[in-house]
Amino acid sequence: YARRFDEAAAVYAEYSDRYPESNLVGEALFREALARERSGEGERVDDLIERLSARDDLSRNLRMKVLRKRGERLLESGDVEGAEPLLEELLSMERSYEALLLLARARFEAGDYGKAVEGFTDALRFEEADSCELLASRARANLRRDEAGRARRDIEELGRRCSASKDLASVLLERGMLEAERGECSLADSTLTGLRRRFPGTAEAADALYYLALCDMKRGGYERAIDRLESFLRSAPQSELAPEAYFKLAGAHFTKGNPNLAARNYALAAESFGDPERAYLARRNLGSVYQELEDWEKAAEVWKEISEVHAGHEGAVEALFNLGFCYNQTGRHELAYGVYGRIPNIAVSEEQRGRAHYWAGVSLKNLGRHAEAVREFLRVPYLETGGMWGVTAKLEAAACYERLGENDEALKIYRDVIRSHGPASDWGRVAAEAVGRITGETKGGGGSSGEGEDQRDGS
């Protein structure tokens with residue numbers, strides 16, 4: 001009663017240690033768990049409750065209290081699979097309102113919406129039932145299992161019994177959200193605008209703007225979507241939906257031809273997302289926007305950040321390709337070569353390894369290090385790169401041999417390309433022209449090839 005929970009927990013623990021054979025040890029452990037729960041010692045509470053669950057000497061009443069407490073805590077932690085059998089056992093021991101409600105919640109979280117509806121319906125029959133909460137929960141379950149008629153009747157009944165209830169606002173928001181996500185935008189408009197009129201100034205009314213904006217975007221109304229998303233972010237900047245709103249707002253601005261505004265909002269989305277995958281997508285889109293703007297410095301910063309923050313992501317290798325490309329675009333060829341040199345050790349396919357050696361060769365060629373470039377280029381044909389990479393790398397190697405004055409080596413490669421692909425192919429024509437140039441130089445001593453820097457896309 002004095003609310004000195006730490007001291008109470010210590011007393012119960014001391015009793016259990018001192019009298020381990022006492023019939024009251026189970027009760028003492030349970031009371032210690034309750035006291036520690038009030039003190040915020042979550043892990044210790046779970047340990048005590050788990051120990052109690054394993055005991056076979058508990059009274060029926062204490063066993064039910066332990067099942068209820070452990071089931072509640074598992075549900076709160078998101079372990080629905082662990083909670084459900086405990087709550088089923090509890091219900092088999094006592095068909096109470098609390099047991100029905102807890103098991104119905106567990107089944108809802110597990111996605112078993114039919115059984116959840118049955119549980120909420122049974123719980124409504126109890127005199128102590130919170131009809132507003134139960135009707136809202138049953139309406140949500142009916143919405144999730146696509147029982148629109150039953151959900152509508154629950155919502156109408158909820159409106160009659162609990163017209164000012166927050167439960168009604170949250171159910172209307174969920175219905176509007178599901179309608180918007182399914183593309184049923186006429187229904188979503190009606191549900192969500194009705195919610196905003198009925199519950200102005202609430203968090204649910206603010207969130208409704210986000211889902212209304214989704215429908216605007218699906219119908220091509222990007223200007224209106226931008227207005228609604230910006231209004232939503234002004235009114236509810238701390239909403240769980242804010243990161244997604246920044247992401248959608250960025251996409252709308254990009255579609256409307258405002259890449260700078262798109263970049264700003266992708267950056268905000270990346271900073272806001274708690275989900276690493278969504279943060280990665282925001283950063284990837286941000287890097288792509290900067291590249292489209294040819295802002296190579298900012299793009300490089302983003303790709304570098306992705307390669308560090310999302311090092312284990314499957315897209316990290318492609319981020320390195322883009323980083324190397326941006327470095328080459330700004331004349332930082334040594335940095336580009338260093339980036340491409342990292343890729344073969346972390347690549348997930350031979351195609352990526354081949355591309356990495358190719359662009360490492362291009363970077364070395366841009367640095368005038370032609371002998372090293374040849375070695376990189378000639379690694380490519382031995383890898384399963386597919387497409388153009390193998391033959392293009394051979395042509396690049398031959399051009400480097402020309403720059404080194406090793407025309408015999410260059411001619412071997414060019415003639416091999418002509419034999420393999422035919423003189424009429426694009427590659428064959430390039431090779432034939434080079435052969436003519438070299439043999440012309442040999443006879444008449446003119447011309448050279450490979451001048452200047454190669455700035456093609458290194459991705």
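Me: Is Arg-355 buried or exposed, and by what cut-offs is that decided?

Reply: Burial is read from relative accessible area: buried means under 20%, exposed over 50%, and partly exposed in between, with a 1.4 Å probe and protein chains only. Arg-355 has a relative accessible area of 5%, so this residue is buried. Please note that this is a predicted model, in which local features need pLDDT of at least 70 and side-chain atom pairs count only at pLDDT 80 or more, while totals for chains, interfaces and linings use all residues. Residues are numbered from 1 along each chain as its sequence is written, and side-chain values use heavy atoms, with hydrogens and water left out.

Me: With which side chain does Arg-355 meet in a salt bridge?

Reply: In general, side chains of opposite charge can pair when their charged atoms come close. A salt bridge is counted when a side-chain nitrogen of Lys or Arg lies within 4 Å of a carboxyl oxygen of Asp or Glu. Here the partner of Arg-355 is Glu-351, at 2.7 Å from N to O. Glu-351 counts as partly exposed because its relative accessibility is 25%.

Me: Where do Arg-355 and Glu-351 lie?

Reply: Helices are DSSP runs of H or I with at least four residues, numbered from the N terminus. Both residues belong to helix H20 (residues 350-366), 4 residues apart, which is about one turn of the helix.

Me: Which residue forms a salt bridge with Lys-365?

Reply: Glu-396 does, and the closest N and O atoms are 2.9 Å apart. This pair links distant parts of the chain, since Lys-365 is in helix H20 and Glu-396 is in helix H22 (residues 389-403), 31 residues apart. Lys-365 is buried at 12% relative accessibility, and Glu-396 is buried at 7%.

Me: Which residue forms a salt bridge with Asp-416?

Reply: The partner is Lys-394, with the closest N and O atoms 3.2 Å apart. Asp-416 sits in helix H23 (residues 407-421) and Lys-394 in helix H22, 22 residues apart, so distant parts of the chain are linked. Asp-416 is partly exposed at 24% relative accessibility, and Lys-394 is partly exposed at 25%.

Me: How many salt bridges does the structure hold?

Reply: The structure holds 48 salt bridges. Some are joined: Glu-32, Arg-36, Glu-41, Arg-44 and Asp-47 are linked in a network of them.

Me: Which residues are in contact with Glu-84, leaving aside its neighbours within four places in sequence?

Reply: Contact means heavy atoms within 4.5 Å. On that basis, Glu-84 is in contact with Leu-103, Arg-107 and Ala-110. Glu-84 is found in helix H5 (residues 80-93) and is buried, with a relative accessible area of 17%.

Definitions and conventions: Helices (H or I, at least four residues) and strands (E, at least two) are DSSP runs, numbered from the N terminus.
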